[in-house]
Amino acid sequence: MTLTTRRRFLQNMAWMTTAAALPSEHAKHATGARDSAKLLETSGLPRFVDPLPIPALAKAAGLRPSPADPSRQVPYYRVAMRQFQMKVHRDVPPTTFWGYDGSCPGPTFEARKGKPILVEWANELPQQHLFAVDHTLHGAEADKPDVRSVVHLHGGRTPPESDGYPEDWFVPGKSATYFYPNQQDAAALFYHDHAMGITRLNAVAGLSGLFLIRDEFEDGLNLPKGAYELPLIIFDRSFQPDGQIYYPVSGKTGAPWVSEYYGSAILVNGKIFPFHEVEPRKYRLRLLNSSNGTFYKLSFSPEPSVLSPAIAFHQIGSEQGFLTAPARMNLLILGPGERADLILDFSGHAGEEVYLRTNVAMVMQFRVSSKKAADSFSLPATLRPVPRIQESGAVVSRQLTLADYQNRLGRSNVMLLNGAHWNMPVTEKPVLNSTEIWSFLNLTDDSHPIHLHMVRFQILDRRPFDLSVYQLTKKLFTGPATELSPGELGWKDTVRVDPMTITRIIVKFEGFAGKYVWHCHMLEHEDNEMMRPYVITPA
Ligand code: C2O
Ligand code: CU
């Protein structure tokens, strides 16, 4: 860590609270702030004039022999990445996107636990990128093609050769067929691009989609389904006046990388300010934050104002499946890559409107019809037990720093995990089926969503940490743990690591041996060295 980082870090201690440190205050950070003249003023667009789009379901194109057992036939899908045009709002000219099957979000997969599938991901993108590639970033050098892609199923317990290793990218005209065993509990996973050094650009172009895994336990809960189960895929973008996506450049010649992307508009399933007609009954909402870098503080309210009182809802699941019991709450913090499974009851709002909003912006409107609706679902007292993993079972405990190395102007040059660059020797080598504790020491000013591939984990705690105290005394914790939200007590695959905290997770490395990655899910950080390979070694 440089002196500048440290100075910024110490300066910020005075005023920073966990909440203030979350980079979710949209307006403040919007990319439009710097050169708003050339941006579309999205906050002034008419609200709630476009219906909420629902992504299509992915359809199998036949059967193919399973790579795990060639005597067995498994469903085979082919999904092509293509450039296409999409209307993000009635009054915005069509926008060029890249999407799986030519849509953004891509088609939703519905898989069942224990029922493997094969997906051929085909790169049919044009030869030219929509955004400026930074050839100074590792893995994106000028000798590599600008348009490259590789698909990762986020949250999937996937064998290494199908996990979408960032260097396994392929160019237009090529494809990769991946095998997803789906040997894991019901959960909302998502697939997205992961190409080395350009993930942020491929993602901002639109390459992501939902992948639901269902199981018998879920069937037994009688949860709202069909039209009563809504995917809400949230991401932010800024636009140019001609409707095209705006992605900023640094102003440094030959090195366009910027350290964060915050769009001025929040889209749900690809629309700005959509509305959706609902019945006065309970709905299951499957939320995914597929933004490059924005954390959202989400709530529901009966009025289109960010200051109106919030309506309570229940969270029933986190990234990797159901919580032990439904948790009643008013506010949901959702970081990049995180998902939440919610039950929202519209029955008390017949004939009215309900809004989804952040703490600073309106997001969408639900129009609740006044007709009586049948609803056979009642919230169970308990869901799936999430037994806490005992710390005593951990065989290795690692301390891993998150640090920001800045230039003399205080601008980020690079952010590193444990002080190591991507191409340095692998340092995290857990043994298959062993349990480890990973402590993330955040030495930066921002919250970072940290994600490990292949595994699910539990958060142990988040405790305050003071760098100056640590340097003097080597004392790690300067206070008691802050309370985890109910959703953070379930199975996770992405964890928010707040500034000046140590966030500890406990992980059992179950699944497959092989090479995977762990990284920050702020994609600008991930593309600039905030990603490390890790190897699960056979027992
Ligand atoms: Cu959501 Cu490494 O990815
Ligand atoms: Cu980060």
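**Group meeting talk: a walk through the predicted model**

Let's start with one residue. Ser-301 touches Ser-308, Pro-309, Ile-311, Glu-353, Val-354, Tyr-355 and Arg-357, leaving aside residues up to four places away in sequence. Contact here means heavy atoms within 4.5 Å. Ser-301 sits in strand 17, residues 296-301. Strands are DSSP runs of E, at least two residues long, and are numbered from the N terminus. Ser-301 is buried, because its relative accessible area is 0%. Buried means under 20% relative accessible area, exposed means over 50%, and partly exposed lies in between, with a 1.4 Å probe and protein chains only. The C-alpha atoms of Ser-301 and Asn-330 are separated by 9.5 Å, and these two residues are 29 apart along the chain.

Now the ground rules. This is a predicted model, where local features need pLDDT of at least 70, side-chain atom pairs count only at pLDDT 80 or more, and totals for chains, interfaces and linings use all residues. Residues are numbered from 1 along each chain as its sequence is written, chains are lettered from A and ligands numbered from 1 in the order in which they are written, and side-chain values use heavy atoms, with hydrogens and water left out.

How confident is the predictor? pLDDT is its confidence in each residue, from 0 to 100. The protein averages a pLDDT of 92, and 93% of the residues score at least 70. Over residues 1-34, pLDDT stays under 50. The model has 86 contacts beyond four places in sequence for that stretch. Where pLDDT is low, the predicted coordinates should not be read in detail.

Next, strand 16. Eight of the eight residues of strand 16, residues 282-289, are buried, so this strand is largely enclosed by the rest of the structure. Lys-282, Arg-284, Arg-286 and Leu-288 point one way. Tyr-283, Leu-285, Leu-287 and Asn-289 point the other way.

Which strands pair with strand 16? Two strands pair if DSSP finds at least two bridges between them. Strand 11, residues 229-239, pairs with strand 16 in the parallel sense over six bridges. Pro-231 has Arg-286 of strand 16 as its bridge partner. Strand 21, residues 339-345, pairs with strand 16 in the antiparallel sense over seven bridges. There, Leu-285 stands opposite Leu-342 of strand 21.

Cys-520 counts as buried, because its relative accessibility is 0%. His-525 also counts as buried, at 0% relative accessibility.

His-448 leads us to a sheet. His-448 stands opposite Val-497 in strand 29. Strand 27, residues 448-452, runs antiparallel to strand 29, and four bridges join them. An open sheet of four strands has the order 29-27-31-32, with antiparallel pairing. Its edge strands are strand 29 (494-497) and strand 32 (531-536), and each pairs on one side only.

Last, disulfides. Taking a disulfide as a pair of cysteine sulfur atoms within 2.5 Å, the count is zero.

Conventions: pLDDT is the predictor's confidence in each residue, from 0 to 100.
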